[in-house]
Amino acid sequence: MTRSAWMDGGAGVTVRWGVAQTALGAVLVAASDSGVCRVAFGKGRDDLSMLFPHADLVEGGEDFAPLLARVAAAIESPGDGADIPLDIGGTGFQKRVWQALRDIPAGETRSYGALAAGLGKVGASRAVGRANGANRVAVLIPCHRVVRADGALGGYEYGPAIKRELLRREGLSF
């Protein structure tokens, strides 16, 4: 999806979607022809309607089922979905942050400050935090791997229990 289509709520884009059941609960998965554009725990069509109010939202379909299953498998085993294509929109800075998140190996964490420093933006930990919070594809862009500077778990859009479990599945304990 082009940046302008993202900015215009998916205008002219077909977004296929479905909900998969995982051990962490129901997860919404949505994709354009270019890749996955939404992964969210406990969300449904209403979430997509708000994110993509001008897109043609199409539920399911035979051609969507394999992608839905791949994303669900990546949630069950975080770190296994690196080859799933993404359609993430975002600014240039957000994309750099999201790529830095994808570059964190499974079983490791980083603080916002460490991510900022790694991007050559020492002191930009708040901007990195905002970019992290703008991530729309949970687990596939592993924002759950970001912890507080003091090593504490920190926040997560879908709650500390899901974050803790994702990290546990990667061999970490919090």
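How many of the six residues of E3 are buried? Six of the six are, so strand E3 is largely enclosed by the rest of the structure. Here "buried" means under 20% relative accessible area, with exposed over 50% and partly exposed in between (1.4 Å probe, protein chains only). Everything below comes from a predicted model, where local features need pLDDT of at least 70, side-chain atom pairs count only at pLDDT 80 or more, and totals for chains, interfaces and linings use all residues. Residues are numbered from 1 along each chain as its sequence is written, and side-chain values use heavy atoms, with hydrogens and water left out.

**View 1. The whole chain, before zooming in.** There are seven helices and six strands here; these are DSSP runs (helices H or I, at least four residues; strands E, at least two), numbered from the N terminus. Going along the sequence, the pattern reads α-β-β-β-α-β-α-α-β-α-α-β-α. The C-alpha trace spans about 45 × 35 × 25 Å along its principal axes. For 174 residues, a compact globule would have a radius of gyration near 16 Å, and the chain agrees with its 16 Å. That radius is taken over C-alpha atoms, and the globule rule is 2.2 Å times the number of residues to the power 0.38. Of the 174 residues, 47% count as buried. Among contacts (heavy atoms within 4.5 Å) with a separation of 6 or more, 60% come from residues 24 or more positions apart.

View 2. Strand E2 (residues 25-31) pairs with E3 in the antiparallel sense over five bridges; for two strands to pair, DSSP has to find at least two bridges between them. Ala31 stands opposite Val36 in E3. Four residues sit between the two strands of this hairpin, and Gly35 in the turn has a positive phi of about 155 degrees.

View 3. Rings of Phe, Tyr and Trp (its six-membered ring) pair if their centres lie within 6.5 Å; planes under 30 degrees apart count as stacked, over 60 as edge-to-face and the rest as tilted. By this rule the chain has two aromatic pairs. One of them joins Phe41 and Tyr158, edge-to-face, at 5.4 Å centre to centre with 70 degrees between the planes. This pair links distant parts of the chain: Phe41 belongs to strand E3 (residues 36-41), while Tyr158 lies in the loop between strand E6 (146-147) and helix H7 (160-169), 117 residues apart. Phe41 is buried at 6% relative accessible area, and Tyr158 counts as buried too, at 14%. Tyr156 and Tyr158 have ring centres 5.6 Å apart and planes at 75 degrees, so this pair is also edge-to-face. Put together, Phe41, Tyr156 and Tyr158 make up one aromatic cluster.

**View 4. Two cysteines, and what about a bond?** A disulfide needs a pair of cysteine sulfur atoms within 2.5 Å, and the count here is zero. Cys37 is in no disulfide, with the nearest cysteine sulfur, that of Cys143, 16 Å away. Cys37 counts as buried at 0% relative accessibility, and Cys143 counts as buried at 11%.
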